[in-house]
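This report describes selected features of a protein model.

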Amino acid sequence: MKQILIVGAGHEFPKAPFAFLRSIRENERVHARALFFRPVDYSALAAAGAWNNIVPFLDLEDNEKEVIACHKAQFARQCEQSNIPFSIQANDSEWNRDLLIKESRFADLILISGENFYGETDKSQPNQYLREALHHAECPVLLIPENFTTIQHLFMAYDGSRESIFAIKEFCNLFPSLTDLPTEFLYMHEDADTAIPDLDNLQQFTRLKFESMSFSKLDFNAVEYFSTWISGKKNVLLVSGSFGRSALSYIGKRSFARDIIHDHQVPVFIAHP
């Protein structure tokens, strides 16, 4: 049984992550756990200059706690209706990176809305909170756009690196029921003469994992053009190892995965060693 952690932050309930959870439940035994955060640190706002009139901030804090209580109740109700065993973290405070790290350490997968994670604080995703969550999570993360319906095709971003292979392995371990979908391995390089690295090894390895595979070389700069390329694809999921801890910790800078998250185009599975 897998432990799936749904993380919500802000005023909106993570509807798309829960819809994906239900789709997983059709083929997998899962335990769902919820973690919700308040959208704003009101104590910091008060310290910044509101000490003479702190009552409105305390009222806002109480209102935000009520919102989280409603989200918890909605999560419990929907889990019961879908026959999904569940638990809920007691937190009703603002963003806490250490708490996310601890919860992710004991989870197999995190589901997050790619649009609504602290969306009222900064709608330009990935905002600073989402970047921090992706960077520090100790398990894979699946970002899901709110228009999610179904998955009919998989795209695997591959560059021959340890990170890209790690993400592919993690996806296979977590979603064996999805590996029978048509799967395309994508290598992107603007030099047309550059071949897919270690293609023979990749083909030998992946034929043990996937039912239907293809391998494509896209002759363009991924950062500049991949978001436009994938925008024409429907009902697909992208697997990426692009958000790492060290050499790949440029999460705040522009990357092809960042642009896809920003445009809320497709679900993005992110895993790093």
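## The second largest cavity

In this predicted model, the lining of the second largest cavity consists, by class, of five nonpolar, three polar and one charged residues. The residues concerned are V7, G8, A9, E12, P14, I112, S113, N116 and F117. Two elements, β1 (2-9) and β4 (109-113), each give two or more residues to this lining. The largest contribution is that of β1, with three residues.

The volume of the second largest cavity is about 40 Å³. The count of cavities of 30 Å³ or more comes to two. As to the approach, rolling a probe the size of a water molecule over the atoms shows where empty space is left.

Helix α8 spans residues 222-231, and its buried residues are A222, F226, S227 and I230. These residues lie on the same side of α8, because they cover an arc of only 105 degrees around the axis.

Several elements take part in covering the buried residues of α8. Among them are the strands β6 (153-157), β7 (182-188), β8 (212-218) and β9 (236-240), together with the helix α9 (256-263). The N-terminal end of α8 is capped by N221. In this cap, a side-chain oxygen of N221 lies 2.9 Å from the backbone nitrogen of V223.

## Serine 104 in helix α4

Helix α4 comprises residues 97-105 and includes S104. Is S104 buried or exposed? The relative accessible area of S104 is 0%, which is under the 20% limit, and S104 is therefore buried.

The side chain of S104 has a polar atom 2.9 Å from the backbone oxygen of I101. When neighbours within four places in sequence are left aside, the contacts of S104 are L5, I110, A137, E138 and C139.

## The chain as a whole

The chain has 273 residues, of which 49% count as buried. Its secondary structure includes nine helices and ten strands. Among contacts with a separation of 6 or more, 79% are between residues 24 or more positions apart.

## Summary

The second largest cavity, of about 40 Å³, receives three lining residues from β1. In α4, S104 is buried and is in contact with residues including L5 and I110.

How values were computed. Residues numbered from 1 in each chain as written. Predicted model: local features only at pLDDT ≥ 70, side-chain atom pairs only at ≥ 80, totals over all residues. Heavy atoms only, no water. Buried < 20%, exposed > 50% of the residue type's maximum accessible area, 1.4 Å probe, protein only. Helix = DSSP H or I, 4+ residues; strand = E, 2+ residues; numbered from the N terminus. Arc of directions from axis to C-beta. Contact = heavy atoms within 4.5 Å. Polar contact = N/O pair within 3.5 Å; in protein donor to acceptor, adjacent residues only side chain to side chain. 1 Å grid on protein atoms, 1.4 Å probe; cavity = no way out; pocket = protein on both sides within 12 Å on 5 of 7 lines; lining within 4 Å. Points joined across faces, edges and corners; volume = space filled by probe spheres on them. Nonpolar A, V, L, I, M, F, W, Y, C, P; charged D, E, K, R; others polar.
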